[in-house]
Amino acid sequence: MEHVSLDGVIAPPGDSEFAKGGWSAPYRTPAGAAALAEAQGTSFDLLLGRRTYDLWADYWPKVKGGPFADGLNAATKYVATHRPESLGWGPVEDLGTDVMAGVRRVKSTDGPDLIVWGSSTLTSVLLEQGLVDEVVLVVYPVLLGQGKRFFSDSAAPRELALVSTKATPTGVLINTYRHVGSL
C-alpha cells in the first residue's frame, strides 16, 4: 500500500527520491498497524512492480515477526520484470513478457487473495485494464502539494463503493472500496 495524502500524492516510507519523504512516520501507531494488517488479511500473495520488489527484497527478509513481515515473506511474489533471473526473494514468479496476461493467469487460479502494495505504475495499468476488484486507500491528514500522483492521467473514471473505513488515533483513514465499474 502506498501512503496517500489528502491531495492524492503518494510516497513509500523512506523514499529518498522525494524531498518530503518520511512524512508518514509521525502518524504510525500500533492501532494503525493492526488496522492495516486486518485490511491485508492473513492469506495472500503479492503482485509487485520491479522497483517495489527490489526495495522490499532489500528490507523484508531481514525482518522477523510483527504484523507484516511473516505474511509478506511467506507470500508468493508475482513480479512485473524484464530481469526474472535476478529475483531472489521468494517464493517468487515473474509475470512473463505480457504482464497483463500474467496477471490474468494468476487471477484465474484458485489461490489466496492477490494484493498490490506500492507499485503505483502497475496499479494504474491494473485499474485501466479492469483487473482491480478492491482498493484500499490509506489517507493521511497531510497536504504535500507535490509528488507522484496515485492515478495516472490516462485512467478512466471508475465507480467505487465504500466497503469499510477505519480511523486510527492519529487521523489516518483506511478506506476499503469495491470496484463497481466504469463511471
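**Ground rules**

I number residues from 1 along each chain as its sequence is written, and I use heavy atoms for side-chain values, leaving out hydrogens and water. Since the model is predicted, I keep in mind that local features need pLDDT of at least 70 and that side-chain atom pairs count only at pLDDT 80 or more, whereas totals for chains, interfaces and linings use all residues.

**Entry on Thr29**

I began with Thr29, which I find in the loop between β2 (9-11) and α1 (30-40); helices (H or I, at least four residues) and strands (E, at least two) are DSSP runs, numbered from the N terminus. Thr29 is buried at a relative accessible area of 18%, where buried means under 20%, exposed over 50% and partly exposed in between, with a 1.4 Å probe and protein chains only. When I set aside neighbours within four places in sequence, I find Thr29 in contact with Thr168, Pro169 and Thr170, contact being heavy atoms within 4.5 Å. I also noted that the side chain of Thr29 reaches the backbone nitrogen of Gly32 at 2.9 Å.

**Entry on salt bridges**

I searched the whole structure and found six salt bridges, each being a side-chain nitrogen of Lys or Arg within 4 Å of a carboxyl oxygen of Asp or Glu. One of them joins Lys166 to Glu38, with the closest N and O atoms 2.6 Å apart. Lys166 belongs to strand β9 (residues 158-167) and Glu38 to helix α1, so this pair ties together parts that are 128 residues apart in sequence. I read Lys166 as partly exposed at 34% relative accessibility and Glu38 as exposed at 54%.

Arg105 and Glu93 also meet through their side chains in a salt bridge, at 3.9 Å from N to O. Here helix α4 (residues 99-108) holds Arg105 and strand β5 (residues 92-94) holds Glu93, so the pair ties together parts twelve residues apart in sequence. Arg105 is partly exposed at 39%, and Glu93 is partly exposed at 36%.

**Entry on the cores**

I next looked up the nonpolar cores, meaning sets of buried Ala, Val, Leu, Ile, Met, Phe, Trp, Tyr and Cys residues joined through side-chain atoms within 4.5 Å. The largest has 25 residues, and those with the most contacts inside it are Leu46, Trp56, Trp60, Phe68 and Leu72. At least two residues of this core come from each of α1, β3 (44-49), α2 (50-57), α3 (69-74) and β7 (134-140). A second, separate core of 15 residues includes Leu47, Met100, Val103 and Val106.

**Entry on aromatic residues**

I count six aromatic pairs in the structure; rings of Phe, Tyr and Trp (its six-membered ring) pair if their centres lie within 6.5 Å, and planes under 30 degrees apart count as stacked, over 60 as edge-to-face and the rest as tilted. Tyr59 and Trp60 form an edge-to-face pair, 5.0 Å centre to centre with 85 degrees between the planes. Within this pair, Tyr59 is partly exposed at 48% relative accessibility, whereas Trp60 is buried at 14%. I then found that Trp56, Tyr59, Trp60, Phe68 and Trp117 form one aromatic cluster.

Technical notes:
Polar contact = N/O pair within 3.5 Å; in protein donor to acceptor, adjacent residues only side chain to side chain.
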